[in-house]
Amino acid sequence: MRFVHCPFCGQKLGKKEIGDEGLVPFCAQCNTPLWDMFTTCVIVVCVNEYHEIALIRQDYVSTENYVCVAGIMKLGESAEETVVREVKEETGLDVQSLTYVKSYPYLKKEMLMLGYKAVVKKADFILSGEVDSARWFKAEEALSRLREGSIAWQLVSAVMQEK
């Protein structure tokens, strides 16, 4: 999000030199700098004890490719809490352990996606209303089910390389 007006008083913002940050949107009325903002999200590779990867399909995202579990962090929630909540909400699976992998800027949607690997036990999926289907894939096959080069594809590749 790029600020044009102050969200506190509504005044049109100017620019002010702020340290090493350079020119920053600034409200002279509130004496407040307002840096551009992004939405913080998590994206998760769910791996079971057989080294299979759970991928989901959401038709509003793609009817051809699968994706990883992902979701937006809520206020007051840590990234790790978001991973546990999103995995449970979207797949019905319980996270046993999780590991941070890497962050991925998603400029198209002004998001920062924090990538995690979640270890889960293999079980039947209990899908939320926003998930159309889910499947377990052998690690090697999972990559071919994702859009090549996508953040999910990059994350799965990174998790596969750590073996």
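Author: Two residues are in contact when heavy atoms lie within 4.5 Å. The model is predicted, with local features requiring pLDDT of at least 70, side-chain atom pairs counted only at pLDDT 80 or more, and totals for chains, interfaces and linings using all residues. Residues are numbered from 1 along each chain as its sequence is written, and side-chain values use heavy atoms, without hydrogens and water.

Reader: Which residues does Val87 touch, beyond those up to four places away in sequence?

Author: Val87 belongs to helix 1, residues 79–91 (helices, H or I of at least four residues, and strands, E of at least two, are DSSP runs numbered from the N terminus). Its relative accessible area is 0%, so Val87 is buried (under 20%; exposed is over 50%, partly exposed in between, with a 1.4 Å probe and protein chains only). With residues up to four places away in sequence left out, Val87 is in contact with Val44, Cys46, Val69, Gly92, Leu93, Val95 and Val120.

Reader: What distance separates the C-alpha atoms of Val87 and Gly71?

Author: Val87 lies in helix 1. Along the chain, 16 residues separate Val87 from Gly71, and their C-alpha atoms are separated by 9.0 Å.

Reader: Which elements are included in what covers the buried residues of helix 3?

Author: Helix 3 spans residues 151–161, and its buried residues are Ile151, Ala152, Leu155, Val156, Ser157 and Val159. The cover over these buried residues includes helix 2 (139–145), strand 4 (39–47), strand 5 (52–57), strand 7 (95–106) and strand 8 (111–120).

Reader: Which strands stand at the edges of the open sheet of 3 strands?

Author: This open sheet has the order 1-2-3 and antiparallel pairing, where two strands pair if DSSP finds at least two bridges between them.

Reader: Which residue of strand 2 stands opposite Lys15?

Author: Strand 2, residues 22–27, pairs with strand 1 in the antiparallel sense over 5 bridges. Opposite Lys15, the residue in strand 2 is Pro25.

Reader: Is Pro33 buried or partly exposed?

Author: Pro33 is placed in strand 3. Apart from residues up to four places away in sequence, Pro33 touches Ile18, Val24, Pro25 and Phe26. Its relative accessibility is 25%, so Pro33 counts as partly exposed.

Reader: How many Å separate the C-alpha atoms of Pro33 and Gly149?

Author: Pro33 is in strand 3. Gly149 is 116 residues from Pro33 along the chain, and the separation of their C-alpha atoms is 36 Å.
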